[in-house]
Amino acid sequence: MRRRTFIKKLTWGTGALFMTHELSFANKSGGKIAVQMIYNNIIGDTGLKSAWGLSLWIDFGKDAVLFDTGGEPEVLWHNIQTCRIDLNKLSTVIISHNHWDHINGLGMILEKTDYKPVVYIPEMALRTVKQKHPKANLKGINEAQMIREHLWTTGQLKGSYKSDAIYEQAVFIINNGSLYIFTGCSHPGIVEIVAKVKQTHPEKQIEFAAGGFHLGGHTLGQLKDISVKLRKLDVKKIAPSHCTGDQAIEYFKEEWNDRFFEFYLRNRLEIPV
Ligand SMILES: [Zn+2]
Ligand SMILES: [Zn+2]
């Protein structure tokens, strides 16, 4: 089958990474993982509905993983249909943390897929989520571990939200020498999440961290501190979105310059494996 051409191409580090708004998956035999932002409050391209929250479709070719499910099921469903995503491929759902803007689409996804996907959720949220979705095939995550080939979770990390404890996991893709991090809200802290990833694979290069960084209300001094720490952890590029905060995004855009890239609603990137 003919594949569509890529619109944008970014190359760095040991492997090429392609960014595109195209919806078609690259050739199956080429060994690529395609990741598309299918739910975000920051809009990258027209045609999808935008609302507060985050969801990523991680397509491995034969099967796919959904990382978070956004806040409004109708919005997620609209975007899934518009992006022509085949939910039959969905083997796994990973929920970063039990906040409405990441978990509210889960019920709809499970209904549409006859409750087939395995749902990985931070262990500390297991009981609450079980009550709400008794038919779901839920698995609690505690430690950092491999979910499937090329995909890891950081394990649940403790964070805080409005003085309550919240447990959150981030995911990362691994290829030969590199790590590619995707976060939900980063309540435990983006630096802490990246440090945790680094700890699991100290010999590998962190190509990027993308997703919600949760830095609204941070002072310039605090943002600078985070920026320095991320560089010290050898993060090559960043793509903050969702709950990062406008001021923080502007700061990073300037400070990281060509090491900042946009990964917003409908943006899609491919990671060679
Ligand atoms: Zn949250
Ligand atoms: Zn959020």
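# Exercises on a six-stranded sheet

Strand β15 (residues 205-212) is mostly covered, with 7 of its 8 residues buried; a residue is buried if 20 or more other C-beta atoms, placed from the backbone, lie within 10 Å of its own. Strands (E, at least two residues) and helices (H or I, at least four) are DSSP runs, numbered from the N terminus. The model is predicted: local features need pLDDT of at least 70, side-chain atom pairs count only at pLDDT 80 or more, and totals for chains, interfaces and linings use all residues. Residues are numbered from 1 along each chain as its sequence is written, while chains are lettered from A and ligands numbered from 1 in the order in which they are written.

**Exercise 1.** State in which sense β15 pairs with β14 and with β16.

*Solution.* Take β14 (residues 178-183) first: 6 bridges join this strand to β15, and the two run parallel. Here I181 has A209 as its bridge partner. The chain passes from β14 through helix α5 (residues 190-200) to β15 in a right-handed β-α-β crossover; right-handed means that, with the strands pointing away from the viewer, the path from the first strand over the helix to the second runs clockwise. Next, β15 and β16 also pair in the parallel sense, over 6 bridges. A209 stands opposite I238 in β16.

Note on methods
Pairing = 2+ DSSP bridges. Buried ≥ 20, exposed ≤ 12 C-beta atoms within 10 Å, placed from the backbone.
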